[in-house]
Amino acid sequence: MESYEKEQPQEFQGNLQKAAKDMSIGEWVLTMLIMIIPIVNIVMLFIWGFGNPDPRRNYARASLIWMAISIVLIIIFYGVFFAFIFSLNL
């Protein structure tokens, strides 16, 4: 029983190392190229962020968080801007 408990963390670490392999420069260049394409970039961020384990997972999730923050700030900015314009009663 004790030997099974000692082997389990090593097995988990082995699976973790396989899932988090290093990406080459070419793979990162391809990733950046995909991020340039409209609509495709958002779809790929969701696939990388919430799909199978991928080395780009944290990058994709962070990018989605920044997109959400940007959208909220843009909505607030335009709301304040149009409220100011309409309050002038031109």
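How are helices H2 and H3 oriented to each other? In this predicted model, in which residues are numbered from 1 along each chain as its sequence is written, local features need a pLDDT of at least 70, side-chain atom pairs count only at pLDDT 80 or more, and totals for chains, interfaces and linings use all residues. Side-chain values use heavy atoms, with hydrogens and water left out. The axes of helix H2 (residues 25-36) and helix H3 (residues 40-50) cross at roughly 130° and come within 6 Å of each other, and H2 and H3 are therefore oblique to each other. Angles under 35 degrees count as roughly parallel, those over 145 as roughly antiparallel, those from 65 to 115 as roughly perpendicular, and the rest as oblique; the axes are lines fitted to C-alpha atoms, for helices over the stretch in contact, and the angles run from 0 to 180 degrees between N-to-C directions.

The contact between these two helices (heavy atoms within 4.5 Å) is made by Thr-31, Ile-34 and Met-35 on the side of H2, and by Val-40, Asn-41, Met-44, Leu-45 and Trp-48 on the side of H3. By class, the residues of this contact divide into six nonpolar, two polar and no charged, where Ala, Val, Leu, Ile, Met, Phe, Trp, Tyr, Cys and Pro count as nonpolar, Asp, Glu, Lys and Arg as charged, and the others, Gly among them, as polar.

The secondary structure of the chain comes to four helices and zero strands, and from the N terminus on the elements run α-α-α-α; helices (H or I, at least four residues) and strands (E, at least two) are DSSP runs, numbered from the N terminus. Of the 90 residues of the chain, 13% count as buried, a term that stands for under 20% relative accessible area, with exposed meaning over 50% and partly exposed in between (1.4 Å probe, protein chains only). Among the contacts in the chain with a separation of 6 or more, 31% are accounted for by residues 24 or more positions apart.

For the twelve residues of H2, a span of 16 Å should result at 1.5 Å a residue, and the end C-alpha atoms are 17 Å apart, which agrees; the expected span of a helix is 1.5 Å times one less than its number of residues. Within H2, Thr-31, Ile-34 and Met-35 are buried. Seen down the axis of H2, these buried residues fall within an arc of 100°, so they line one face of the helix, the arc being that of the directions from the helix axis to the C-beta atoms. On the other side of H2, Ile-25, Val-29, Met-32 and Ile-36 are exposed, whereas the buried residues of H2 pack against H3 and helix H4 (57-87).

In H3, the buried residues are Asn-41, Leu-45, Trp-48 and Gly-49. They cover an arc of only 95° around the axis, which puts them on the same side of H3. The buried residues of H3 pack against H2 and H4. Asn-41, with a relative accessible area of 14%, is buried and, leaving aside its neighbours within four places in sequence, is in contact with Ile-34 and Met-35. Ile-42, also placed in helix H3, counts as partly exposed at 35% relative accessibility. From C-alpha to C-alpha, Asn-41 lies 9.8 Å from Ala-60, at 19 residues apart in sequence, while Ile-42 and Ala-60 are 9.2 Å apart in space and 18 residues apart in sequence.

Helix H4 has 31 residues and reaches 45 Å from its first C-alpha to its last, close to the 45 Å expected at 1.5 Å a residue. Its buried residues are Ala-60, Ser-63 and Leu-64, and what covers the buried residues of H4 includes H3.

Most residues other than glycine have a negative phi. In the loop between H3 and H4 is found Gly-51, which counts as partly exposed at 32% relative accessibility and, leaving aside its neighbours within four places in sequence, is in contact with Phe-46 and Arg-57.
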